[in-house]
Amino acid sequence: MDQVTFRSDTVLSDVHLLLPNTRHLMKRLNGVGQPVFTSKFRILRDIDGKDSSDDLPVRESSDASDVPRDEDGDLDVVRRPRDTTSDRDAVCPIILSQSAATSSDQDEDSDEEEESARDIIIIEHTMATPLEDVGKQIWRGAFLLADFILAQSSMFKGATVLELGAGTGLTSIVMAMVAKTVYCTDVGEDLLNMCQRNVTVNKQHFEPQESEIMVRQLDWMADDFCTDADLEFSWTDIEVADLHDNTTFVIAADVCYDDDLTDALFRTIYRLSSNMRKPSTAYISIEKRLNFTLQHMDVSCEAYDHFRHCLDQLQQMKDGKMNFKVELVKISFPQFFQYERVEQLELWKVTAERLNK
């Protein structure tokens with residue numbers, strides 16, 4: 001079942017739409033009944049810069065003069081003749097119910113983990129979700145930030161890093177390849193369970209260097225950490241203290257698509273950075289999405305414009321406690337993953353420093 005039904009509120013990432021993987025199969029239903037797909041993403045070069053894209057299949061170019069055309073010059077497509085002799089009715093697969101994970105599913109997970117090479121990242125994700133579930137998909141901003149992490153691996157080596165809005169966990173997994181501790185955070189039990197599965201199946205990428213990824217709930221709308229021991233993905237007091245004492249980097253990939261969430265993101269960045277013992281730097285990737293609106297009768301980027309407004313407010317803020325410096329990172333670093341690095345992709349650096357009282 002690799003077909004997606006679209007509704008008026010359906011959102012589909014360009015990663016899934018334009019660059020389908022050879023291993024792109026529906027695997028199971030998640031806790032809310034959504035189809036979950038498994039994709040494999042190859043790291044195209046070593047961290048030291050050695051290109052491994054030669055191992056990928058290359059599509060050969062064809063001469064346009066060799067393309068068959070009809071007498072009008074249109075493309076002549078040879079179609080398969082319809083079989084009129086068969087009495088069989090066409091059958092379309094329909095999922096009738098959701099079943100619990102079986103031992104065969106677990107065996108399949110083990111097989112995938114064993115066969116995955118050191119340059120393959122396996123990610124479970126959904127496709128064509130409502131807007132509130134877009135974190136379950138993979139977006140180009142995650143790949144852009146992952147490229148930057150691998151290109152600047154020496155900067156993140158041995159660091160403690162917090163990811164906000166981690167979604168499927170892809171960027172946290174890449175970060176753990178060079179950092180020491182990664183707090184991979186988002187909100188929603190179903191999403192966090194998916195993220196934890198991705199972390200587990202990709203542990204061969206970060207366990208050899210004794211790195212650790214901890215999947216935790218972090219709600220930007222809340223004022224504090226969830227420390228209820230009865231809840232999964234809650235924080236311990238030790239983890240909260242470690243986050244405040246040792247974190248030097250905060251990352252977020254393509255999380256600014258709703259104005260209220262963007263406001264909450266910047267409030268969270270301010271609150272966390274003001275409680276950190278060490279100066280911290282945030283890297284935020286975003287894709288500028290152009291939309292034609294009837295309200296403006298023109299092309300606009302309202303979500304992006306609000307993001308830029310929040311950046312300006314943060315940099316201009318004078319509260320006597322914190323000082324923030326904002327700068328645009330030049331997108332000139334190598335590309336480690338196969339995706340379309342469009343000109344609308346941006347990476348912003350926010351440096352936070354506590355002022356002396």
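This is a predicted model: local features need pLDDT of at least 70, side-chain atom pairs count only at pLDDT 80 or more; totals for chains, interfaces and linings use all residues.
Ala252 stands opposite Ile284, a residue of strand β10. Now extend the selection to both strands. β9 covers residues 247-253, and its pairing with β10 is parallel, over five bridges.

From β9 it passes through helix α8, residues 259-275, and on to β10. This β-α-β crossover is right-handed.

**The other neighbour of the strand**

Select residues 345-354, which make up strand β14. β10 and β14 pair in the antiparallel sense, over eight bridges. Look for Ala282, which stands opposite Val350 in β14.

**The whole sheet**

Show the remaining strands. Seven strands form an open sheet with mixed pairing, in the order β8-β7-β6-β9-β10-β14-β13. At the edges stand β8 (212-217) and β13 (322-329). Each has a single partner strand, so one side of each is left without a neighbour in the sheet. Look along the sheet for the twist, which averages 20° from one strand to the next.

**Two faces of β10**

Select residues 280-287. Is this strand enclosed or open? Eight of the eight residues of β10 are buried, so the strand is largely enclosed by the rest of the structure. In a regular strand, side chains alternate between the two faces of the sheet. Colour the two sets separately. Ser280, Ala282, Ile284 and Ile286 are on one side. Thr281, Tyr283, Ser285 and Glu287 are on the other. Both faces are covered.

**A cavity beside the strand**

Display the cavities. How many reach 30 Å³ or more? The count comes to one. About 60 Å³ of space lies in the largest cavity. Select its lining: Val250, Ile269, Leu272, Ser273, Ser280, Thr281, Ala282, Phe324, Val350 and Ala352. At least two of the lining residues come from each of α8, β10 and β14.

**The largest pocket**

Switch to pockets. The largest pocket holds about 960 Å³ of space. Its lining has 47 residues. To find the centre, select Leu131, Val134, Asp254, Val255 and Tyr257, which lie nearest to it. Then colour the elements that give two or more residues to the lining: α5 (170-176), β7 (181-186), α6 (189-201), β10, β11 (291-293) and α9.

**Last stop: Leu144**

Select residues 140-151, helix α3, and find Leu144 within the helix. Buried or exposed? Leu144 has 0% relative accessibility, so it counts as buried.

Show what is around Leu144. Beyond its neighbours within four places in sequence, Leu144 is in contact with Ser285, Ile331, Phe333, Tyr339, Arg341, Leu345, Glu346 and Leu347. Ser285 brings the tour back to β10, where this residue is buried. Finish with a distance label between Leu144 and Leu345. Their C-alpha atoms are separated by 7.7 Å, though the two residues are 201 residues apart along the chain.

Key: Residues are numbered from 1 along each chain as its sequence is written. Side-chain values use heavy atoms; hydrogens and water are left out. Buried means under 20% relative accessible area, exposed over 50%, partly exposed in between (1.4 Å probe, protein chains only). Helices (H or I, at least four residues) and strands (E, at least two) are DSSP runs, numbered from the N terminus. Two strands pair if DSSP finds at least two bridges between them. A crossover is right-handed if, with the strands pointing away from the viewer, the path from the first strand over the helix to the second runs clockwise. Axes are lines fitted to C-alpha atoms, for helices over the stretch in contact, and angles run from 0 to 180 degrees between N-to-C directions. On a 1 Å grid over the protein atoms alone, a cavity is a set of points where a 1.4 Å probe fits but cannot get out, and a pocket is an open set with protein on both sides within 12 Å along at least five of seven lines; lining residues have an atom within 4 Å of a point. Grid points are joined across faces, edges and corners, and a volume is the space filled by probe spheres set on the points. Contact means heavy atoms within 4.5 Å.
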